[in-house]
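User: I have a model open and want to learn how to read its features one by one. Please start with how strands pair, then go on to helices and charged pairs.

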Amino acid sequence: MENIFEHICSFEPQQNDIQGEVTWKSPSNIALIKYWGKYGQQLPRNASLSMTLTEAYTQTSITYAYTKNQAQRVFLFEGQESKSFAKRIWRFIDSLERFYPFLQQLDLKIESSNSFPHSAGIASSASAMSALALCLVDMERSLFNRLKNEESFFKKASYIARLGSGSASRSIFKGFSIWGENMKVNRATDNRFAIGFNEDIHPFYKGLKDAILIVDEGEKQVSSSLGHSLMDCHPFVENRLVQANDHLIDLARVLKTGKKDSFIKIVEAEATSLHALMMSSEPWFILMKPATITILEKVRTYRDATKKFICFTLDAGPNVHLLYHSSDEKEIMEFIDAELKPLCSQEKILYDGMGKGPQKIK
Ligand code: DP6
């Protein structure tokens with residue numbers, strides 16, 4: 001059987017006519033059970049569960065050609081050179097040298113663009129790193145005649161994406177994904193890649209929508225790496241691991257039974273716990289803005305009054321992801337327009353929903 005994680009060789013001198021282009025589009029995802037804390041080489045302290053989105057995606061192309069000279073590298077973000085993005089991309093490519101030494105023998109031009117404005121305050125590393133990983137793994141497949149089986153291909157893509165950004169490992173799959181060891185939910189024993197979690201999901205949860213309320217468009221106040229490192233000696237780390245594991249087991253069950261109250265309870269507890277962990281770290285951070293708190297309160301008041309299925313989740317920032325069901329779209333939109341939109345930065349809201357996963361373009 002093919003060992004999908006074995007290291008790939010370099011090209012032989014006679015393979016000097018190699019050239020090509022590959023393009024993938026890959027979505028962002030929103031975690032319902034949060035990945036917070038990592039160790040070793042981008043391995044998660046706890047298993048996380050996310051929903052893959054549709055509208056927020058990155059499209060990435062790699063054009064490559066063999067060279068026996070010093071390889072040339074170009075990175076364009078939305079058609080322009082971007083030094084800060086380029087630095088992260090090439091650092092990632094170099095970090096893959098032991099898997100993919102052949103990358104050093106290729107002139108590479110990487111072009112990337114996002115479907116959402118860069119200033120929208122959305123974490124783009126999940127879509128960016130997953131799109132890039134899919135291109136790289138596609139090159140492995142075509143240049144070395146490997147990973148012909150679809151499952152192996154996506155497993156490897158998730159593995160490579162994880163090395164770029166942990167949450168990117170989950171964007172490889174449609175619907176729901178789980179990343180991290182957990183024996184009770186999908187018997188995952190390997191936390192180096194994520195696995196799609198879409199069997200026997202209750203039809204209700206296939207209609208989930210996500211309105212991303214942009215409270216603040218600024219750059220992230222705390223980088224992911226710093227954020228995760230706060231868990232290394234956090235006073236509540238042990239309890240957090242127990243909580244995340246319990247939440248994962250409960251949410252996985254709820255996604256199959258279709259229970260709604262429990263979904264809301266677990267998803268909101270994950271969001272508020274993530275921020276509580278940040279507030280109780282050393283140093284501490286408060287990433288919510290006053291408008292974030294007002295929105296959370298308004299969501300609860302609206303839910304109590306209408307009994308509608310609506311809840312929030314948060315990333316490591318002030319923007320609010322509002323989750324609801326497509327069948328309630330009309331009423332929820334009215335609520336958003338009347339009560340929440342005025343609290344958003346320039347009334348900015350991105351409407352998204354559960355997605356079908358990445359797509360090969362070329
Ligand atoms: C709060 O995946 O951005 O969004 O692995 O350092 O790139 P790195 O971190 P990243 O962390 C995401 C944290 C989170 C929760 C989540 O998506 O699970």
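Analyst: Two strands count as paired if DSSP finds at least two bridges between them. In general, strands of a sheet pair through backbone hydrogen bonds, either parallel or antiparallel. Keep in mind that this is a predicted model. Here, strand β10 (residues 208-213) pairs with strand β12 (residues 320-325) over six bridges, in the antiparallel sense.

User: In what order do the strands of the open sheet with β10 and β12 lie?

Analyst: The order is β11-β12-β10-β13, four strands with antiparallel pairing. β11 (310-314) and β13 (349-353) are the edge strands; each has a single partner, so one side of each is left without a neighbour in the sheet. On average, neighbouring strands of this sheet are turned by 25° against each other, direction ignored.

User: Which strands of that sheet does α6 touch?

Analyst: Helix α6 packs on the sheet and touches β10, β11 and β12, with its direction at about 25° to that of β11. Helix α7 also packs on the sheet, touching β10, β11 and β12, but its direction makes about 160° with that of β11.

User: How many salt bridges does the structure hold?

Analyst: There are 19. One of them joins Arg73 and Asp94, at 2.9 Å from N to O. Arg73 sits in strand β5 (residues 73-77) and Asp94 in helix α1 (residues 83-95), so this bridge ties together parts that are 21 residues apart in sequence.

User: Are Arg73 and Asp94 buried or partly exposed?

Analyst: Buried means under 20% relative accessible area and exposed means over 50%, with partly exposed in between. Arg73, at 29%, is partly exposed. Asp94, at 36%, is partly exposed as well.

User: Which residue forms a salt bridge with Glu140?

Analyst: Lys156 does, and the closest N and O atoms are 2.9 Å apart. The pair runs from helix α2 (residues 125-144), which holds Glu140, to helix α3 (residues 150-164), which holds Lys156, across 16 residues of sequence. Glu140 has 0% relative accessibility and counts as buried; Lys156, also at 0%, counts as buried too. A salt-bridge network links Glu6, Glu140, Arg146 and Lys156.

User: How many residues of α3 are buried?

Analyst: Twelve of its 15 residues are buried, and the helix is mostly covered. Among them are Phe153, Phe154, Lys156, Tyr159 and Arg162. The buried residues of α3 pack against β1, β3 (43-44), α1, α2, β8 (176-179) and β9 (194-196).

User: What span does α3 reach from its first C-alpha to its last?

Analyst: The way to read this is to set the span beside the one expected at 1.5 Å a residue. α3 reaches 21 Å, close to the 21 Å expected. At the start of α3, a side-chain oxygen of Asn149 comes to within 2.8 Å of the backbone nitrogen of Glu151.

User: Why is β1 largely enclosed by the rest of the structure?

Analyst: Burial is counted residue by residue along the strand. In β1 (residues 19-33), eleven of the 15 residues are buried, so the strand is largely enclosed. As for its pairing, 13 bridges join β1 to strand β4 (residues 48-66), and the two run antiparallel. Asn29 has Thr52 as its bridge partner in β4. β1 also pairs with strand β14 (residues 359-360), antiparallel, over two bridges. There the bridge partner of Lys25 is Gln359.

User: Last, a loop residue: where is Ser124?

Analyst: Ser124 lies in the loop between β7 (106-114) and α2. With a relative accessible area of 17%, Ser124 is buried. Leaving out residues up to four places away in sequence, Ser124 touches Thr58, Asn114 and Phe116.

Terms used:
Residues are numbered from 1 along each chain as its sequence is written. This is a predicted model: local features need pLDDT of at least 70, side-chain atom pairs count only at pLDDT 80 or more; totals for chains, interfaces and linings use all residues. Side-chain values use heavy atoms; hydrogens and water are left out. A salt bridge is a side-chain nitrogen of Lys or Arg within 4 Å of a carboxyl oxygen of Asp or Glu. Buried means under 20% relative accessible area, exposed over 50%, partly exposed in between (1.4 Å probe, protein chains only). The expected span of a helix is 1.5 Å times one less than its number of residues. Contact means heavy atoms within 4.5 Å. A polar contact is a pair of N or O atoms within 3.5 Å; within protein, one must be able to donate a hydrogen and the other to accept it, and residues adjacent in sequence count only if both atoms are side-chain atoms. Axes are lines fitted to C-alpha atoms, for helices over the stretch in contact, and angles run from 0 to 180 degrees between N-to-C directions.
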